[in-house]
Amino acid sequence: MTISSTVSVTQAAQSQAERLSALLSDVRQGIALRELWLYLGWRDVQKHYRRSVLGPLWLTLSMGITVGGLGFLYAQIFQMEISTYLPSLALGFIVWGLIAGSLNGACMVFSNAAASIRQIRLPLSVHILQFAWSQLIAFGHNFIIYLIVIVAFGLNPGWNAVLFIPALCLLTLNCVFVCMILGPFCARFRDIPMIVASVTQVAFFMTPILWSAEQLPERAHFVQLNPFYHFIEISRGPLLGQAVDPTNWVAAIGMTAAIGVVAILFFARFRARVAYWA
């Protein structure tokens, strides 16, 4: 009997309640090891810029150059005021960076940690939390661009900015849930990461980041069907001092709940196989 068939037989013998209990125990142990994954997440960001002069601030600089260059170009193309267009574009890019980084990175969360998973007995949730934390660190560096923009254009989002906190919590939760689905799935099927990268690239142009939803009023349904649109709006609107349509919040919370249920059931079902697939 092969190793994979042995795992299949073992999993088949487990009830759904036992799988969920094992998953809950894994998550509890992972959270308890927060000092480990907080350090490893920060180290993941640092190692990409090791021995460079600016270090992780290269994240801020590269994002700033992109936003500045495209902001002035597309403001001219769309004939919009730069003071209106650039803050919206900057926040769109910053939030999209977190979304796209979460999607693409989630595909490799277990494959990249294959050696650790096979050699060290750690809860698998440690690798997920480590990845989510590294994404938040990168987001924090990119968020400096927003602070520069509000000073440069004299923006005052007021108390609306407080609503950005639950929006960021939803984005982080989705990052964790996506890791629980794409992590094992991409470890098993190694072509999936390329497909996810292609879909993410197309989704960027289909999402109101370079353009605004108000420019397509007759195709509002097309924009509303885009799941990324709602997450961009609940994050960008508060930081621009704008009221967010409740529909965006309902859609974002509903999608997070649905993805969460799927992620928990999927990860509970295939968690034991990750060590053989990674």
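Phe231 has 8% relative accessibility, so it counts as buried (under 20% relative accessible area; exposed is over 50%, partly exposed in between; 1.4 Å probe, protein chains only). The model is predicted: local features need pLDDT of at least 70, side-chain atom pairs count only at pLDDT 80 or more, and totals for chains, interfaces and linings use all residues. Residues are numbered from 1 along each chain as its sequence is written, and side-chain values use heavy atoms, without hydrogens or water.

Phe231 sits in helix α11, residues 227-239. Helices here are DSSP runs of H or I, at least four residues long, numbered from the N terminus. Leaving aside residues up to four places away in sequence, Phe231 touches Val95, Ile99, Leu170, Leu171, Asn174, Ala252, Met255 and Thr256. A contact means heavy atoms within 4.5 Å. Tyr85 lies 146 residues from Phe231 along the chain, and their C-alpha atoms are separated by 19 Å.

Of its 13 residues, 12 are buried, so α11 is largely enclosed by the rest of the structure. Among the buried ones are Phe228, Tyr229, His230, Glu233, Arg236 and Pro238. The cover over them includes α5, α7, α8, α9 (192-206), α10 (220-224) and α12 (246-270).

Phe228 of α11 also belongs to an aromatic cluster with Phe93, Trp96, Phe204 and Phe205. Rings of Phe, Tyr and Trp (its six-membered ring) pair if their centres lie within 6.5 Å; planes under 30 degrees apart are stacked, over 60 edge-to-face, the rest tilted. The whole structure holds 15 aromatic pairs. One of them joins Phe139 and Phe143: the planes meet at 40 degrees, so the pair is tilted, and the ring centres are 5.8 Å apart. Both residues lie in α7, four residues apart, about one turn of the helix. Phe139 and Phe143 are both buried. Phe270 and Trp277 make a tilted pair as well, at 5.8 Å centre to centre and 35 degrees between the planes.

Leu171, a contact of Phe231, also lines the largest cavity, along with Leu98, Ser102, Ala132, Gln135, Leu136, Thr172 and Cys175. A cavity is a set of points on a 1 Å grid over the protein atoms alone where a 1.4 Å probe fits but cannot get out; lining residues have an atom within 4 Å of a point. Helices α5 (82-106), α7 (125-153) and α8 (164-188) each supply at least two lining residues. By class, five are nonpolar, three are polar and none is charged.

In the model, residues 161-182 are 86% helix and 0% strand, with end C-alpha atoms 32 Å apart. Residues 249-268 are 100% helix and 0% strand, and their end C-alpha atoms lie 28 Å apart.

For contrast, take Gln79, in the loop between α4 (57-77) and α5. Gln79 counts as exposed because its relative accessibility is 74%. Its phi is near 55 degrees, a positive value in a residue other than glycine.

Key
On a 1 Å grid over the protein atoms alone, a cavity is a set of points where a 1.4 Å probe fits but cannot get out, and a pocket is an open set with protein on both sides within 12 Å along at least five of seven lines; lining residues have an atom within 4 Å of a point. Ala, Val, Leu, Ile, Met, Phe, Trp, Tyr, Cys and Pro count as nonpolar, Asp, Glu, Lys and Arg as charged, and the others, Gly among them, as polar.
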